[in-house]
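Please read them with the structure open.

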Amino acid sequence: MIVDCSVEELNQKTQSDCDFCNYKRMTARSVFPRVESKLTASSSNAFVFEAFHGILFPRTHHPVKFTKEQFIDMMETTVKWFKTAYNEDRKFKYPHMMWDLLSKASASQPHPHVQVTLAPARHYGIS
């Protein structure tokens, strides 16, 4: 399939200089320590739009070849990130997660990742 070919090519072309594969050296730090697990790591977003705005990603690079275990671990680590941010400032209590996967879903990096924010008010003015 053509899509599979282009994803494979993208994976091979981008893995060696991927910011998330080299996250300790190439990504921004948050106001609190990185939230990590065996399969997932985190960083701050370089272009934050909320006081607590992070990125979580699997430790493997391939954009679409990740296991159910990796996905569940990333979701569980995301919950830990929300709890960590909440414990930093309890008036921030409204979580939001955005899945970025490849360019059509607004991902600036081929490495799969989720963006997370914790806000003091409901999402985009909903009361």
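1. Which strands does helix H3 lie across, and at about what angle does the helix run to S4? In this predicted model, helix H3, made up of residues 68-88, lies across S1, S2, S3 and S4, and its direction is at about 25° to that of S4.

2. The sheet itself is open and is formed by four strands, which follow the order S1-S2-S4-S3 with antiparallel pairing. Strand S1 (40-44) and strand S3 (94-100) each have a single partner strand and stand at the edges, so one side of each is left without a neighbour in the sheet. From one strand to the next, the twist averages 25°.

3. On one flank of S4, the pairing is with strand S2: residues 52-58 of S2 and residues 113-119 of S4 are joined in the antiparallel sense over five bridges. Within this pairing, Phe52 has Leu118 of S4 as its bridge partner, while Gly54 stands opposite Val116 in S4.

4. Strand S4 also pairs with S3, to which it runs antiparallel, and seven bridges join the two. His96 takes part here, with Thr117 of S4 as its bridge partner.

5. As to burial, S4 is mostly covered, since seven of its seven residues are buried, that is, under 20% relative accessible area. In a regular strand the side chains alternate between the two faces of the sheet. Both faces of S4 are covered, with His113, Gln115, Thr117 and Ala119 buried on one side, and Val114, Val116 and Leu118 buried on the other.

Conventions. Residues numbered from 1 in each chain as written. Predicted model: local features only at pLDDT ≥ 70, side-chain atom pairs only at ≥ 80, totals over all residues. Heavy atoms only, no water. Pairing = 2+ DSSP bridges. Axes fitted to C-alpha atoms, helices over the stretch in contact; angles between N-to-C directions. Contact = heavy atoms within 4.5 Å. Buried < 20%, exposed > 50% of the residue type's maximum accessible area, 1.4 Å probe, protein only.
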